Amino acid sequence: QVRVVESGGGSVQAGGSLRLSCAASGPRVGRNAMAWYRQAPGKQRELVAGITRLGTTNYADSVKGRFTISRDYAKNSVYLEMNSLKPEDTAVYYCNARTTALLTSDESGYWGQGTQVIVSS
């Protein structure tokens, strides 16, 4: 049984910082590719940042230079450090745990329940 659990969301003023955490447990997850997605009201879900099994990262253009994804293999966890937050970063953030080494575009794998991030101006 796979479990993906996020934590760390909240409310912050523009320019502030938040750190999201995600722990994955179960067969074939936790050490394979993982990613953070977000969905704002009225918008489609989008990839924010991803990290492969070997630690290669990629980011959406809108968050490059402000967000950092990292992982702890020992804890089967992934983190998203968010700095210089903007009101447009407001969304529900979802952790995605893949069963593959690379982050494919099919949005497969397992999902957490989401954590709300609100950035006020």
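In this predicted model, a disulfide joins C22 to C95, with an S to S distance of 2.0 Å. C22 belongs to strand β3 (residues 18–25) and C95 to strand β9 (residues 91–97), so the pair ties together parts that lie 73 residues apart in sequence. The torsion about the S-S bond of C22 and C95 is about -80°, so the disulfide is left-handed. Both cysteines fall under the 20% limit for burial. C22 has a relative accessible area of 1%. For C95 the relative accessibility is 0%.

Strand β3, which holds C22, is also part of an open sheet of four strands. The strand order is β1-β3-β8-β7, and the pairing is antiparallel. The edges are formed by β1 (3–7) and β7 (67–72). Each has a single partner strand, so one side of each is left without a neighbour in the sheet. Neighbouring strands of this sheet are turned by 15° against each other on average, direction ignored. The antiparallel strands β1 and β3 are joined by five bridges. V5 has A23 of β3 as its bridge partner.

Ring contacts were examined next. A search of the whole structure finds one aromatic pair. Charged groups also sit over rings. The charged end of R19 lies over the ring of Y79, at 4.2 Å from the ring centre. For R45, the charged end sits over the ring of W111, and the distance to the centre is 3.8 Å.

Terms used. Residues numbered from 1 in each chain as written. Predicted model: local features only at pLDDT ≥ 70, side-chain atom pairs only at ≥ 80, totals over all residues. Heavy atoms only, no water. Phe/Tyr/Trp six-rings, centres within 6.5 Å; stacked < 30°, edge-to-face > 60°. Lys NZ or Arg CZ within 6 Å of the ring centre and 35° of its normal. Disulfide = S-S within 2.5 Å. Helix = DSSP H or I, 4+ residues; strand = E, 2+ residues; numbered from the N terminus. Buried < 20%, exposed > 50% of the residue type's maximum accessible area, 1.4 Å probe, protein only. Pairing = 2+ DSSP bridges. Axes fitted to C-alpha atoms, helices over the stretch in contact; angles between N-to-C directions.
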